[in-house]
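The sequence and structure are shown first.

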Amino acid sequence: MRELFDEVAGKSPLDPEEAVRRTTRGPRRKRFYAKAGVVETPDGFAVTLDDKAVRTPSGRALAAPIPEIADAIAAEWEAQREFIDPLTMPFTRFANSVVDAVVERVDAVADDVAKYLGSDLLFYRAGHPEALVSREAALWDPVVFWAAETLGAHFILAEGIVHVRQPEPAVAAVRATFPGDPWSIAALHVVTTLTGSALLALALRHGVLDADQVWAAAHVDEDWNIEKWGVDQEVTARRAARLVDFKAAARILGALNPR
């Protein structure tokens, strides 16, 4: 993960793994409230605990732009049992990051997403075996072609891992399509970092692929290796944890950009 916010916290608060590490340091906190709810305020839809507004780590009110997101956050708080487990609260962790670190830095986050276009996952293809080459093409080519035909962004594909400089007009054309609201760009950023592809994130936002298709496309090489060599339990556990945050970001992106 690029150190976009290194002067503040050392790593970007949009990095789901770093967010989990921050929120799980120290002793577990007992549930201290009876109920979670949502109320409409001038700042959006605020999440409440026993009718008191939830605050982010920096002390700001935790308010979402639409009811669906606020309801998802409240549901996470409501689902907690004796102790509060941040690992089960991806919407809350995401909201804290947006409110505390993205609202005033939308352009910086968008620029960080754009950096991925210089070395997007979809641009670097296997040279062999033929079955893997075909699988990558089947999952990745439709997105690359969509970027060219719809966004006017013509990228260069390469075989192997040797870096290829992408045309600046192509990068600029895609960058111009990024959303300008903090919640959408934050969700786009999370999907990009978890998949390694800004194009896959945009394909999800525009409905070119659904969330399951994007996740499969992001793991085509990994799944190929699993089929050939078997499952690595540690890798599987990390992937499952990342999937939790991916699903939350994908849901937020879809809710904010209905088609």
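## Helix packing

Angles under 35 degrees count as roughly parallel, over 145 as roughly antiparallel, 65 to 115 as roughly perpendicular and the rest as oblique. The model is predicted: local features need pLDDT of at least 70 and side-chain atom pairs pLDDT 80 or more, while totals for chains, interfaces and linings use all residues. Residues are numbered from 1 along each chain as its sequence is written, and side-chain values use heavy atoms, without hydrogens or water.

Helix H5 (residues 130-150) packs against helix H8 (residues 198-205) at about 75°, with the axes 10 Å apart; the two are therefore roughly perpendicular. In contact (heavy atoms within 4.5 Å) are Val-143, Trp-146 and Ala-147 of H5 with Leu-199, Leu-200, Leu-202 and Ala-203 of H8. These residues comprise seven nonpolar, no polar and no charged; Ala, Val, Leu, Ile, Met, Phe, Trp, Tyr, Cys and Pro count as nonpolar, Asp, Glu, Lys and Arg as charged, and the others, including Gly, as polar.

## Aromatic pairs

Rings of Phe, Tyr and Trp (its six-membered ring) pair if their centres lie within 6.5 Å; planes under 30 degrees apart count as stacked, over 60 as edge-to-face and the rest as tilted. There are five aromatic pairs by this rule. Phe-94 and Trp-183 form a tilted pair, 5.9 Å centre to centre with 50° between the planes. This pair joins helix H3 (residues 90-102) to helix H7 (residues 182-195), across 89 residues. Phe-94 is buried (under 20% relative accessible area) at 8%, and Trp-183 is buried at 7%.

Definitions and conventions: Axes are lines fitted to C-alpha atoms, for helices over the stretch in contact, and angles run from 0 to 180 degrees between N-to-C directions. Helices (H or I, at least four residues) and strands (E, at least two) are DSSP runs, numbered from the N terminus. Buried means under 20% relative accessible area, exposed over 50%, partly exposed in between (1.4 Å probe, protein chains only).
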